[in-house]
Amino acid sequence: MNKKICVLLPAYNEAQNIQKLIQEIRTIVQDIVVIDDGSRDETARLARRAGAVVISHKRNQGKGVALKTGFNYALGKGYHGVITMDADGQHLPGEIKNFLLCVETDDPDIILGSRMHDPKGMPPHRLWTNLFTSWLISRRAGQKIEDCQSGFRCISSRVLEKTELVT
């Protein structure tokens, strides 16, 4: 892999999941940044122990602010892009390989992961909301987007540099 990518994990009270998740990701990508968003548990300590860079917010500010913090870090370190994942373990780290292959061969601006191939664990109201908003956004974008609410994404630095993030 020639393009330097880091994985961003916004996390709030994820001590039970974070260490195992980082260990699984590290078999594929070495550069992992956990944005500890004011956790009151051992999330930050366990993430550091597992080998991640940890940026800590003193108080919980929400996922959007945590992602913005991670995006700014990645841009400052010269990464080609980032892969974002939820820290609760709902995304399969093995799928990162597919993102990396796509980045290496096609160099897309954004890749969205999808949970729609197996939405069993998703509460019905979230499933229906996601299906509707994905349909609506797909129509607007002129391209099928299966899971517009997925936190499993790859975003190029080109996009991050040109996007003004409001939180």
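These are my notebook entries on a predicted model of one protein chain.

**Entry: domains**

I began with the division of the chain. Domain 1 covers 5-113 + 150-162, and domain 2 covers 115-149. I looked up the spacing next. The centres of the two domains, taken over C-alpha atoms, are 22 Å apart.

Then I turned to the interface. How many residues of domain 1 are in contact with domain 2? Seven residues of domain 1 are in contact with five residues of domain 2. The area buried between domain 1 and domain 2 is about 420 Å². Carbon and sulfur atoms give 45% of that area. I noted which residues supply the domain 1 share. Gln 90, Leu 112 and Ser 150 supply 70% of the area that domain 1 buries against domain 2. That is more than any other three residues supply. By class, the side of domain 1 that touches domain 2 has one nonpolar, five polar and one charged residues.

I also searched for pairs across the interface. The rule finds zero salt bridges between domain 1 and domain 2.

**Entry: His 57**

I picked His 57 in strand S3, residues 53-57. Is His 57 buried or exposed? His 57 has a relative accessible area of 11%, so it counts as buried, the cut-off being under 20%. I left aside neighbours within four places in sequence and listed the contacts of His 57. They are Ile 35, Asp 36, Asp 37, Gly 38, Val 65, Ala 66 and Thr 69. One of these, Asp 37, has a further link. Its side chain makes a polar contact with the side chain of His 57, at 2.7 Å.

I checked a longer distance too. His 57 and Cys 102 are 45 residues apart along the chain, and their C-alpha atoms are separated by 32 Å.

**Entry: Thr 43**

Thr 43 lies in helix H2, residues 43-49. I read a relative accessible area of 0% for Thr 43, so this residue is buried. Neighbours within four places in sequence were again left aside. Thr 43 is then in contact with Ala 11, Asn 13, Glu 14, Ala 15, Ile 18 and Asp 36. Asp 36 was also in my list for His 57.

**Entry: Ile 83**

Where is Ile 83 found? Ile 83 is found in strand S4, residues 81-84. The relative accessible area of Ile 83 is 0%, so Ile 83 is buried. I skipped residues up to four places away in sequence and looked at what Ile 83 touches. Among them are Ile 5, Cys 6, Val 7 and Leu 8. Ile 83 also touches Ile 96, Phe 99 and Leu 100. Phe 152, Arg 153 and Cys 154 are in the list as well.

Ile 83 and Ser 150 are 67 residues apart along the chain, and 12 Å separate their C-alpha atoms.

**Entry: positive phi**

I looked up backbone angles last. Most residues other than glycine have a negative phi. Asn 13 has a positive phi, near 50°. Asn 13 is in the loop between strand S1 (5-11) and helix H1 (15-26). With a relative accessible area of 28%, Asn 13 is partly exposed.

Asp 107 also has a positive phi, near 50°. I found Asp 107 in the loop between helix H4 (96-106) and strand S5 (110-112). Asp 107 is partly exposed, with a relative accessible area of 27%.

Notes
Residues numbered from 1 in each chain as written. Predicted model: local features only at pLDDT ≥ 70, side-chain atom pairs only at ≥ 80, totals over all residues. Heavy atoms only, no water. Helix = DSSP H or I, 4+ residues; strand = E, 2+ residues; numbered from the N terminus. Buried < 20%, exposed > 50% of the residue type's maximum accessible area, 1.4 Å probe, protein only. Contact = heavy atoms within 4.5 Å. Polar contact = N/O pair within 3.5 Å; in protein donor to acceptor, adjacent residues only side chain to side chain. Domains from an automatic or database assignment. Buried area = accessible area lost by both parts, 1.4 Å probe. Salt bridge = Lys/Arg side-chain N within 4 Å of Asp/Glu carboxyl O. Nonpolar A, V, L, I, M, F, W, Y, C, P; charged D, E, K, R; others polar.
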